[in-house]
Amino acid sequence: MARVRLSVAERREELLRAAVEQIGARGVAAVRIADVASALGVSNALVLYHFSSKEKLVAAAFAHAAEDDLAQLRRLLGRRASALRRLRAAVRWYAPTGQAKGWRLWIEGWAVALREPALRDVTRDLDRQWKAAITEVLAEGVAAGEFTCPDPAAAALRLTALLDGLAVQLTSYPGSVPRARAQEWVDDALARELGLSREALTARGR
């Protein structure tokens, strides 16, 4: 059966989805242009036409994989609710005990980004977007008098550092930290950053 002719945007989307799947199956270091081409039944040259190197394909695939999570983060933080409720929902969702996807992919990506400038630029930008979104809702809560937080940007950095570190533990070493305990630590950290008791955080964030 002849392949349907796709637009440039549709073809790139198809290639990126295949690249994400192949990276998940083989790992960043092992995946090849040929693996992505073979998965779709196309030539290596077609992949290279859209992405001139494996490094650029991998970087674009990571950005593509993160977009769904970033879109969900924006939806959670854009709800018509108190800043505290939105913040707590976002942190609980993003935590490795929540529903955010791709932690294994990102842990491997962080490692490869140490040596790959293109991927490092992508992961740095995505990290910046996450921190900026959390910083903004923290500042909104302070302005509304919902909680105290002297330095929202620093608080966002500390919270994301905790979440990223827990993700490494829970993903790389299953069973090292019970999921319930990890969630307690996340709630405790958030309460400290907001100058609230754990009980107040739980009650107001529902």
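Predicted model: local features only at pLDDT ≥ 70, side-chain atom pairs only at ≥ 80, totals over all residues.
Author: Residues are numbered from 1 along each chain as its sequence is written, and side-chain values use heavy atoms, with hydrogens and water left out.

Reader: How many helices and strands does the protein chain have, and how do you know what counts as one?

Author: The protein chain has 10 helices and 0 strands. Helices are DSSP runs of H or I with at least four residues, strands are runs of E with at least two, and both are numbered from the N terminus. The C-alpha atoms fill a box of roughly 60 × 35 × 30 Å along the principal axes.

Reader: Which residues of α7 are called buried, and what covers them?

Author: Buried means under 20% relative accessible area, exposed means over 50%, and partly exposed lies in between, with a 1.4 Å probe and protein chains only. Among the residues of α7 that are buried are Leu 119, Leu 126, Trp 130, Lys 131 and Ile 134. Their cover includes α4 (54-77), α5 (83-94), α6 (103-113), α8 (152-172) and α9 (179-194). In the whole chain, buried residues make up 44% of the 206 residues.

Reader: Why is the pairing of Asp 127 with Lys 131 called a salt bridge?

Author: A salt bridge requires a side-chain nitrogen of Lys or Arg within 4 Å of a carboxyl oxygen of Asp or Glu. The closest N and O atoms of Asp 127 and Lys 131 are 2.5 Å apart, so the pair qualifies. The two residues are 4 residues apart in helix α7, about one helical turn. Asp 127 has a relative accessible area of 28% and is therefore partly exposed, whereas Lys 131 is buried. The structure holds 13 salt bridges.

Reader: Where do Glu 13 and Arg 17 lie, and are they buried or partly exposed?

Author: Both lie in helix α1 (residues 8-26), 4 residues apart, and their side chains meet in a salt bridge of 3.5 Å, N to O. Glu 13 has a relative accessible area of 34% and Arg 17 one of 43%, so each is partly exposed.

Reader: Which parts of the chain does the salt bridge between Asp 187 and Arg 88 link?

Author: The side chains of Asp 187 and Arg 88 meet at 3.4 Å, N to O. This pair links distant parts of the chain, Asp 187 in helix α9 and Arg 88 in helix α5, 99 residues apart. Asp 187 and Arg 88 are buried.

Reader: Why are α8 and α9 called roughly antiparallel?

Author: Angles run from 0 to 180 degrees between N-to-C directions, and axes are lines fitted to C-alpha atoms, for helices over the stretch in contact. Angles over 145 degrees count as roughly antiparallel. The angle between α8 and α9 is about 175°, with their axes 10 Å apart, and these helices are therefore roughly antiparallel. Contact means heavy atoms within 4.5 Å; it is made by residues including Leu 159 and Leu 166 of α8 and Trp 185 and Val 186 of α9.

Note on methods. Parallel < 35°, antiparallel > 145°, perpendicular 65-115°, else oblique.
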